[in-house]
Amino acid sequence: MAIECLAYELLQALGDEVSTQVMETWQPSKLIKELKQIDESVDRDRSIGIGKEEVSGQPAKEMQDLGTDVRLSVRWISKQWNALGQFLHAPTIKQNRDGRLIDPTKMRQKIMEIIPEIDRVLDARLFATNIKETDLLPFESAVVSSLCSVFGPLLTVGD
C-alpha cells in the first residue's frame, strides 16, 4: 500500500498536467510510466538548491541545499509490486489442491526487503516536488536548480 501511496502523491504533484485516464490508473508501475510521458525524471531523485546570482543568467556560485526529493523507480516499483502480488490474493482452488499456499515467512522476508527503500523515500526532506519556472516568484534574481540523478535541468528565475 505504501508503494501505491507514493505513486499517487507524485500524481497529485503533477496536477493539471495529468489526464483523467492517467488519474484512473491504479497500478503504481503503470501510473509512473504514464507520468514519465509528462516528466521524464518523475522516477529519479532530484536535489534542489537555491542561490543568488552574481551575474544575471549565470548559476549562483554558492548554492544552499534545500534537500533531495527521493523517488521510487518504475523498475523497482514493477518488481516489488509483482513480487507482492502473490501475497495479496487468496489462493485459487488449484493452488489449495496442489498445496501451494502463502508462506508467511517468505511474505515477511519480502516485506522486510522492501521497507528500507520505502523508508529512504519517506525520510527525504522534500517530497513530490514539481517546480516550474512559472510557479516561482522573481525575487532577488534567484536560481533554483532541480538536479536529477545526473545533474538535470537548471531553472533561472527572473530579475
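Residues are numbered from 1 along each chain as its sequence is written. Because the model is predicted, local features need pLDDT of at least 70 and side-chain atom pairs count only at pLDDT 80 or more, while totals for chains, interfaces and linings use all residues; side-chain values use heavy atoms, with hydrogens and water left out.

In soluble globular proteins, nonpolar side chains tend to be buried together. A nonpolar core is taken here as a set of buried Ala, Val, Leu, Ile, Met, Phe, Trp, Tyr and Cys residues joined through side-chain atoms within 4.5 Å. Buried means under 20% relative accessible area, exposed over 50%, and partly exposed in between (1.4 Å probe, protein chains only). The largest such core has 23 residues, and those with the most contacts inside it are Ile32, Leu35, Leu72, Trp76 and Ile118. At least two core residues are supplied by each of the helices α1 (2-14), α3 (28-38), α4 (74-88) and α6 (104-122); helices are DSSP runs (H or I, at least four residues), numbered from the N terminus. Helix α1 gives the largest share, six residues. Contact means heavy atoms within 4.5 Å. Apart from neighbours within four places in sequence, Ile118 is in contact with Ala2, Ile3, Leu6, Leu72 and Trp76.

Ser78 is found in helix α4. Ser78 counts as buried, because its relative accessibility is 16%. Not counting residues up to four places away in sequence, Ser78 touches Ser29 and Lys33.

On the surface, Ile111, Met112 and Ile115 form a nonpolar patch with about 240 Å² of accessible area together. Nonpolar patches are made of Val, Leu, Ile, Met, Phe, Trp and Tyr residues with over 30% relative accessible area and no salt bridge, their side chains joined within 5 Å. Accessible areas come from the Shrake-Rupley method with a 1.4 Å probe. Ile115 lies in helix α6 and is partly exposed, at 35% relative accessible area.

Nine salt bridges are found in the whole structure, each a side-chain nitrogen of Lys or Arg within 4 Å of a carboxyl oxygen of Asp or Glu. Asp39 pairs with Arg46, the closest N and O atoms being 3.1 Å apart, and both residues are buried. Arg71 forms a salt bridge with Asp69 at 2.8 Å between the closest N and O atoms. Arg71 is buried at 4% relative accessible area, and Asp69 is buried at 0%. In helix α6, Glu117 and Arg120 lie three residues apart, about one turn of the helix, and their side chains meet in a salt bridge (3.0 Å, N to O). Arg120 is partly exposed, at 35% relative accessibility. Asp45, Glu117 and Arg120 are linked in a network of salt bridges.

Technical notes:
Patch = residues over 30% accessible without salt bridge, like charges linked within 9 Å, V, L, I, M, F, W, Y side chains within 5 Å.
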